[in-house]
Amino acid sequence: MTETSTSYCANHPDKETSLRCNRCEKLICSKCAVHTPTGYRCMDCVRNQQKVFETARWYDYPLGFIAAGILSFLGSLIAPKLGFFVFFLAPIAGVIIAEASRFITRRRRSKPLYITITAGALIGALPAAAGNIISFLFYLPQIEFSISLLLSTLWDGAYAIIIASSIYYRISRMTFNR
Ligand SMILES: [Zn+2]
Ligand SMILES: [Zn+2]
């Protein structure tokens, strides 16, 4: 043990450290170290690993977007008829849409793809909600009818929010667990 020279972080020349990335052996300080299941790694190694992890092809984005959009649109037509049951059935619809989108994109992975699929579902749910709002304004003088339209809009809104969050949760959790 003759080596007494102090070592410094590769990114922060003023930070003393003895910690090394367990993949590329680069010196890293506590600020640069990322704790992974396999030990401490530098940011570059973590980033490169994530890139390998992303397998989505360019056509997965339109495919996932359209599939989630169409299914979500169909669901949004039913949502107002369900009323309160939207809260129980929308999460199930979310799982079905998530699984269908994963099937169509062959379970390929990438975070932007998950966001694209979720956006597709959200946009697919919009026409029904927008249609209800327009007819609500149109029928405003007929109070009773307009109230029922307002309710439909609320159910469609609840449907859109529940479905988007359950799809994103399902799709990102399922794939990162594998
Ligand atoms: Zn590294
Ligand atoms: Zn550092």
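Visitor: Which helix holds D44 and R47, and how many residues apart are they?
Guide: In this predicted model, D44 and R47 both belong to helix α1 (residues 43–53), 3 residues apart, about one turn of the helix. Their side chains meet in a salt bridge of 3.7 Å, N to O.

Visitor: Which residues are in one network with them through shared partners?
Guide: K26, D44 and R47 are joined into one network by salt bridges that share partners.

Visitor: How many salt bridges does the structure hold?
Guide: It holds 5 salt bridges. One of them pairs R108 with D60 at 2.6 Å, N to O. R108 lies in the loop between α3 (86–104) and α4 (111–124) and D60 in helix α2, so this pair ties together parts that are 48 residues apart in sequence.

Visitor: Is D60 buried or exposed?
Guide: D60 counts as buried, because its relative accessibility is 0% and the cut-off for buried is under 20%. R108 is also counted as buried, at 16%.

Visitor: Turning to α5, which residues there are buried?
Guide: A128, A129, N132, S135 and F136 are buried in α5. They cover an arc of only 130° around the axis, so they lie on the same side of α5. On the other side, I134, L137 and F138 are exposed.

Visitor: And which residues make the nonpolar surface patch?
Guide: I66, I70, L71, F73, L74, L77 and I78 make a nonpolar surface patch of about 600 Å². Among them, F73 is located in helix α2 (residues 60–82) and is partly exposed, with a relative accessible area of 33%.

Conventions
Residues numbered from 1 in each chain as written. Chains lettered and ligands numbered in written order. Predicted model: local features only at pLDDT ≥ 70, side-chain atom pairs only at ≥ 80, totals over all residues. Heavy atoms only, no water. Buried < 20%, exposed > 50% of the residue type's maximum accessible area, 1.4 Å probe, protein only. Helix = DSSP H or I, 4+ residues; strand = E, 2+ residues; numbered from the N terminus. Arc of directions from axis to C-beta. Patch = residues over 30% accessible without salt bridge, like charges linked within 9 Å, V, L, I, M, F, W, Y side chains within 5 Å. Areas by Shrake-Rupley, 256 points an atom, 1.4 Å probe, with all protein chains shown as cover. Salt bridge = Lys/Arg side-chain N within 4 Å of Asp/Glu carboxyl O.
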